[in-house]
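Take a look at the model first, and then read on.

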Amino acid sequence: MTQSTGYAITALGHVAAFGERPLLIKEIADATGLPHPYLAKIVHTLARRGLVVTRRGVGGGVALARPAAAITLFDIAEALDDPLLEERCMLGAAVCSDERACPAHDFWREHRAAQIDFLRQRSLADVAAFELRQNGRGRA
């Protein structure tokens with residue numbers, strides 16, 4: 001996964017741990033150690049893709065567009081066009097298929113599929129539960 005996808009998962013896991021209350025991007029950045037300007041760009045993309053809602057003004061901030069359990073890590077990777085989701089050769093071969101396989105083809109097909117399955121099976125609720133356990137804010 002790209003750094004952007006990892007940052008997005010971390011940030012949205014933090015938002016999910018706070019439940020319904022919108023959080024300012026600065027609050028999220030400070031709490032997670034993510035760079036504020038880069039996080040703002042990621043949040044903007046996620047808002048355009050319908051995973052978060054943003055509100056300006058008093059009581060504003062970033063909130064999830066749907067329940068944390070309904071947003072998978074795959075959804076986040078897909079929203080950010082993560083290259084892991086593209087069917088492409090691990091070694092960069094122009095033509096790589098079952099019929100004309102590069103030396104890494106079978107390995108990569110299997111491992112890429114396992115990673116995608118993992119992303120589809122995990123939600124932001126899982127990340128939020130981890131955040132709560134790590135920060136001692138509750139039990140999950």
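This is a predicted model: local features need pLDDT of at least 70, side-chain atom pairs count only at pLDDT 80 or more; totals for chains, interfaces and linings use all residues.

A salt bridge here is a side-chain nitrogen of Lys or Arg within 4 Å of a carboxyl oxygen of Asp or Glu. R49 itself is partly exposed, at 42% relative accessibility.

D81 has another feature to look for: its phi is near 50 degrees, a positive value in a residue other than glycine. Most residues other than glycine have a negative phi.

The mean pLDDT of the protein chain is 90, with 96% of its residues at 70 or more. Confidence is highest in helix α4 (residues 73-79), at a mean of 98, and lowest in helix α6 (residues 124-135), at 90.

## Salt bridges within helices

D30 and K26 meet at 2.9 Å, N to O. They are four residues apart in helix α2, so about one helical turn separates them. D30 counts as exposed because its relative accessibility is 54%, and the cut-off for that label is over 50%.

In helix α5, D106 and R109 lie three residues apart, about one turn of the helix. Their closest N and O atoms are 3.2 Å apart, and they form a salt bridge. D106 is partly exposed, with a relative accessible area of 48%, and R109 is partly exposed too, at 41%.

What does D82 do with its charge? D82 lies in the loop between α4 and α5 (105-121). It is buried yet has no salt bridge, and the nearest side chain of opposite charge, R88, is 8.1 Å away. The D82 side chain does reach the backbone nitrogen of L84, at 2.9 Å. Beyond its neighbours within four places in sequence, D82 is in contact with M1, T2, T5 and A77.

## The nonpolar core

The largest nonpolar core has 35 residues, and L46, L64, I76 and L124 touch the most other members. Elements giving two or more residues to this core include α1 (3-17), α3 (36-48) and β2 (61-64). The largest share, eight residues, comes from α1.

Leaving out residues up to four places away in sequence, L64 touches several others, among them L12, V15, A16 and L124.

How values were computed
Residues are numbered from 1 along each chain as its sequence is written. Side-chain values use heavy atoms; hydrogens and water are left out. pLDDT is the predictor's confidence in each residue, from 0 to 100. Buried means under 20% relative accessible area, exposed over 50%, partly exposed in between (1.4 Å probe, protein chains only). Lys and Arg count as positive and Asp and Glu as negative; His and the chain ends are not counted. A polar contact is a pair of N or O atoms within 3.5 Å; within protein, one must be able to donate a hydrogen and the other to accept it, and residues adjacent in sequence count only if both atoms are side-chain atoms. Contact means heavy atoms within 4.5 Å. A nonpolar core is a set of buried Ala, Val, Leu, Ile, Met, Phe, Trp, Tyr and Cys residues joined through side-chain atoms within 4.5 Å.
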